[in-house]
Amino acid sequence: MKPTSKDPFVILDLFKLNSITVDVENATAWVQSGATLGELYYAISKKSRTLAFPAGYWSTVGVGGHLSGGGYGALLRKYGLAGDNVIDAKFINVDGKILDRKSMGEDLFWALKGAGGGNFGVIVAFKIKLVAVPEKVTVFKVSRTLEQNATKLVHKWQYVAPSIHEDLTITLRINNVKSSQAGKQSYHYEEDNKGKTSYEEASAWGVKYFKDNFKRLAEVKVVVDPDYFFRGEQTIALRFGDFSPSLGEYFRPIVCLT
Ligand SMILES: Cc1cc2nc3c(=O)[nH]c(=O)nc-3n(C[C@H](O)[C@H](O)[C@H](O)COP(=O)(O)OP(=O)(O)OC[C@H]3O[C@@H](n4cnc5c(N)ncnc54)[C@H](O)[C@@H]3O)c2cc1C
């Protein structure tokens, strides 16, 4: 919701919903959404030195938004996104029902692993798959200025980074760059009808973010949140069409107008 919106809205503070249970034998864990990545990494490291979870770099980032938004970090090349390693979830839908992967169905479960949980309901906890790591890993940093041939390094990095062995992740950070082009490109977003942006309007940015997945996400959205309760800036819009998703039996049938 825009800060200026007159629509009522609810803020859920999940901070204390941060319990983490690690199952070393099965290399899985349940993590509640209010935990931070730092808390998750710490809980795993207390139980095992050779298991990890492939998520973001920053310890203060919240599990709820990160896992439901995809989430990338140093293990991305070897194990994919954090969302790729979610294997189940406890989720509260717009009617207040608690669903798991089985009862929500594969389409909604798919959407919760990258399209932003806030679009569809509230994720209480995720079950995640833990991945194998060596006891010791090596981390290093190389800093170069333009005078020290940073341009050459960046050029080379573009060729090496995607093709080198997957055990090595090389990321690039550019600091203090001033450019006349900076900030010129932005995705324009306008609300109408109390934030109930149409699918066509939302496509202006949605297709850029989600590419071909945007259509499917909007079709999942129309089934799980037909009254558009969960909405905000750059939310997934509703798409009415000929789609028949494989959602759990729980969901009520709705009439779709094309
Ligand atoms: C300092 C910093 C470092 C970062 N580093 C990385 C990185 O290394 N890799 C990376 O991929 N990203 C990174 N990010 C981006 C980060 O993953 C996103 O900002 C993420 O959405 C943060 O989630 P949150 O729960 O902390 O934030 P919030 O602002 O609380 O939530 C973000 C969105 O997710 C929704 N949401 C949160 N919890 C739930 C829930 N339980 N159920 C349903 N919806 C929910 C919220 O409604 C909101 O729309 C970083 C961000 C910051 C600020």
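A nonpolar core is a set of buried Ala, Val, Leu, Ile, Met, Phe, Trp, Tyr and Cys residues joined through C-beta atoms within 7 Å. In the predicted model described here, the largest such core holds 47 residues, of which Val-31, Leu-40, Ala-89, Leu-108, Leu-112 and Phe-126 touch the most other members. At least two residues of this core are supplied by each of strand E1 (20–23), strand E2 (28–32), helix H1 (37–47), helix H2, strand E4 (86–92), helix H5 (106–111), strand E6 and helix H8 (213–224), and the largest share, 7 residues, comes from H8. In soluble globular proteins, nonpolar side chains tend to be buried together. Across the protein, buried residues make up 29% of the 258 residues.

The protein has 8 helices and 7 strands. An open sheet is formed by 5 strands, which follow the order E1-E2-E6-E4-E5 with antiparallel pairing; E1 and strand E5 (98–99) are its edge strands, each of them pairing on one side only. Within this sheet, E2 and E6 run antiparallel and are joined by 5 bridges, and Val-31 stands opposite Phe-126 in E6. Phe-126 is also touched by Ala-89, whose other partners, not counting residues up to four places away in sequence, are Asp-100, Arg-101, Phe-109, Leu-112, Ile-123, Ala-125 and Lys-127. When contacts between residues at least 6 apart in sequence are considered for the protein, 59% of them join residues at least 24 apart.

Around the ligand there are 20 residues, and those that come nearest are Gly-62, Gly-64, Gly-65, Gly-117 and Gly-118. Two or more residues of this shell are given by helix H2 (63–68) and by strand E6 (122–129), with H2 giving the most, namely 4 residues. By residue type, the shell around the ligand divides into 7 nonpolar and 13 polar residues, with no charged ones.

The mean pLDDT of the protein is 84, and 83% of its residues reach 70 or more. Over residues 242–258, however, the pLDDT is below 50, and this stretch has 30 contacts in the model beyond near neighbours in sequence. The pLDDT likewise stays under 50 over residues 179–192, for which the model has 11 contacts beyond four places in sequence. Where pLDDT is low, the predicted coordinates should not be read in detail.

How values were computed. Residues are numbered from 1 along each chain as its sequence is written. This is a predicted model: local features need pLDDT of at least 70, side-chain atom pairs count only at pLDDT 80 or more; totals for chains, interfaces and linings use all residues. pLDDT is the predictor's confidence in each residue, from 0 to 100. Two residues are in contact if their C-beta atoms, placed from the backbone, lie within 7 Å. A residue is near a molecule or strand if its C-beta atom, placed from the backbone, lies within 6 Å of it. Ala, Val, Leu, Ile, Met, Phe, Trp, Tyr, Cys and Pro count as nonpolar, Asp, Glu, Lys and Arg as charged, and the others, Gly among them, as polar. A residue is buried if 20 or more other C-beta atoms lie within 10 Å of its own, exposed if 12 or fewer, and partly exposed in between; C-beta atoms are placed from the backbone. Two strands pair if DSSP finds at least two bridges between them.
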